[in-house]
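Subject: Structure handover

Dear colleague,

Here is the structure we discussed, for your files.

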Amino acid sequence: MADIPSKMQAVVLTGPGEWELQTVPTPKPEGTDVICRVHSVAICGTDPNIIKGIFPGMWPSHYPFIIGHEWAGEVVAIAPEVENSPAIAKRFAPGTRVAGEAHCGCGICANCLVGDYTICLNYGDNALGHHHYGFTTQGAYATYVKTSVKSIHPLPGNLSYDEAAMLDMAGVALNGVYRAGVKVGDTCCVAGPGPAGNMTLQLCIAAGAKKVIMVGRGARLQSSVQLGAVPVDYEKTEDVVKAVWDLTDGRGADVVFECAGTKDSCTKSPLMVRKGGKLVMTALAKEPIPIEWSKLTLAQVNLIGVRANPNTSDAALAMLADGRVNGKALHTHSFPLDKFGDALATFVEKRDGAMKVVLKP
Ligand SMILES: [Zn+2]
Ligand SMILES: [Zn+2]
């Protein structure tokens, strides 16, 4: 810890809709936590809503609070208690380049024991070892972040910090592709060409899908076409559901990934699935949305929820490193941490085709 400054810079939420750049104490490692120097941290689609305060008492769990969970950086200190642990010293020695994961399960509940740690039954119980970094435990919009070794992954090869900051999105998309069991030859449809949708598109192609339809509009839809999608522009298409059926020989898609979360998209996505197909809910819908449940019953559609990115990080990093998932194509803007206001506005207003905006603390 000798060469780590005792104070660091951080974007600190001080109340609903309020944040400021502050100098705060640098966290100290304890237990099996390590301290990492944050080099790149991407703004997540959920972050602006946490900043606004639309999840009162839940995210953030308290004020003052540092959000940010899509980060990559370098281990700079490990706790004295585990300094002599061969497992930790080998995998997470200071200087190791890593990317972070938002969820750290308690490790002892029934769900964690079978690997489902993003649906930990002790969610939010920090005393039991559960952390949701940037949501219920301090995150990474800062020069340094304290994290459990359970929630960091060494970077393969020379994967850059900026590309590694795309891990969260790639991992969430991979969780959806795994849970849907996308097969070689499947026809997939993705609604919403944002970061999650474009990652899902690339992973469906990597999994062997013969066709991936993207429903969206504008520059984001164009970016999907560059990545291999067959586009359906909902601004220029009278009947979007029919367009998807026409592109699937009148069957509907084998798997539909709902990655937009809007009312319009969430009501239409279920109608694009073929009989016996799968509907994957990746987006976090921002309001209760009525859907035609009878269609799901009559078509025997399998409904699959996707919560974050359990057990996907090492595979997702490998895909990013070998270019089968193009992280660079999604990373459009970078800002220093002290330009956080500009970075946030660029992301929220999608200025200059902004997709993923990365802060460089
Ligand atoms: Zn995220
Ligand atoms: Zn648990």
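A residue is called buried here when its relative accessible area is under 20%, exposed when it is over 50%, and partly exposed in between (1.4 Å probe, protein chains only). The model is predicted: local features need pLDDT of at least 70, side-chain atom pairs count only at pLDDT 80 or more, and totals for chains, interfaces and linings use all residues. Residues are numbered from 1 along each chain as its sequence is written, chains are lettered from A and ligands numbered from 1 in the order in which they are written, and side-chain values use heavy atoms, with hydrogens and water left out.

Zinc site. Four residues coordinate the zinc ion (ligand 1), namely C44 (SG), H69 (NE2), E70 (OE) and D168 (OD), at 2.1 to 2.4 Å. Donors are N, O and S atoms within 2.8 Å of the metal (3.2 Å for Na, K and Ca); water is not among the atoms, so sites may look incomplete. Along the chain the donors follow the spacing C-x24-H-E-x97-D. C44 sits in the loop between β3 (33-42) and α1 (47-52) and E70 in strand β4 (residues 70-78), so the pair ties together parts that are 26 residues apart in sequence. (Helices, H or I with at least four residues, and strands, E with at least two, are DSSP runs numbered from the N terminus.) C44 is buried at 7% relative accessibility, and E70 is buried at 1%.

Cysteines. With a disulfide taken as a pair of cysteine sulfur atoms within 2.5 Å, the count is 0. The sulfur of C188 has its closest cysteine sulfur in C204, 3.8 Å away, which is too far for a bond. C188 is buried, with a relative accessible area of 0%, and C204 is buried, also with 0%.

Regards
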